[in-house]
Amino acid sequence: MNKWIYKLTDHEMQVATFVGKLRCLTAKDDASTDDTGIKKTYEIREQQNIVACIGEIAVSRLLNVCWTAMEWKAPDVAGYIEVRSVIEDWHNLVVRFYDKDNSPMVLVYVKDNICTIKGWDFVSNVKEKGIHTNERGVPYWRTQKGHQFRTMEELLTRHLAYQTKLNEQR
């Protein structure tokens, strides 16, 4: 059984909805496209932003770390962890050309207010072992079926070591 499951409270869902909509509003001239290069509607982008916020809140709560929320192009959680949220359990972890190679990226399956953490891996590992696609000029990499994700226990251990090192430097 996966113990890395988080159920957002009603308040957390309201925050996720508010921030997701605000992200979309502040980027309304954004020429976002899907992974095949097709432009997404405002409504689709808004829903994707809300789902992203739900997953980010879940990861921050489970790891007991801060959520970045609105900092543009900054890591989503704890200042260095990226989160990708999906609404279909079978979706792959997708990384894009602008994702930093040394960043840990967590894959979260979101269904309503329940988030199941599928695991994580470094962006560089997905780029190295994954499938590269560059249809319509938008390069991205995705994990292959059966990809062995790293455990959240390992990410938590790495985070605690990182925090210890930061505290020792002060």
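This is a predicted model: local features need pLDDT of at least 70, side-chain atom pairs count only at pLDDT 80 or more; totals for chains, interfaces and linings use all residues.
Setting aside neighbours within four places in sequence, V106 is in contact with V59, I81, E82, V83, R84, L93, I117, G119, W120, M152 and L155. V106 is also one of the residues with the most contacts inside the largest nonpolar core.

**Nonpolar cores**
- The largest nonpolar core holds 29 residues.
- Alongside V106, the residues with the most contacts inside this core are V59, L63, I81, V108 and M152.
- Helices α1, α2 and α4 (152–169) each supply at least two residues of this core, and so do strands β4 (104–111) and β5 (114–122).
- The biggest contribution comes from α2, with eight residues.
- A second core is separate and has nine residues, including L93, V95, M105 and V126.

**Packing of α1 on α2**
- Helix α1 spans residues 10–26, and helix α2 spans residues 42–63.
- Their axes lie 8 Å apart, at an angle of about 135 degrees.
- The two helices are therefore oblique to each other.
- The crossing of α1 past α2 is right-handed.

**Residues at the α1–α2 contact**
- From α1, the contact uses E12, M13, V15, A16, T17, V19, G20, K21, R23, C24 and L25.
- From α2, it uses Y42, R45, E46, N49, I50, A52, C53, I54, E56, I57 and R61.
- By class, this contact has twelve nonpolar, seven charged and three polar residues.

Notes:
Residues are numbered from 1 along each chain as its sequence is written. Side-chain values use heavy atoms; hydrogens and water are left out. Axes are lines fitted to C-alpha atoms, for helices over the stretch in contact, and angles run from 0 to 180 degrees between N-to-C directions. Helices (H or I, at least four residues) and strands (E, at least two) are DSSP runs, numbered from the N terminus. Angles under 35 degrees count as roughly parallel, over 145 as roughly antiparallel, 65 to 115 as roughly perpendicular and the rest as oblique. A crossing is left-handed if the near helix is turned anticlockwise from the far one by less than a right angle, and right-handed if clockwise. Contact means heavy atoms within 4.5 Å. Ala, Val, Leu, Ile, Met, Phe, Trp, Tyr, Cys and Pro count as nonpolar, Asp, Glu, Lys and Arg as charged, and the others, Gly among them, as polar. A nonpolar core is a set of buried Ala, Val, Leu, Ile, Met, Phe, Trp, Tyr and Cys residues joined through side-chain atoms within 4.5 Å. Buried means under 20% relative accessible area, exposed over 50%, partly exposed in between (1.4 Å probe, protein chains only).
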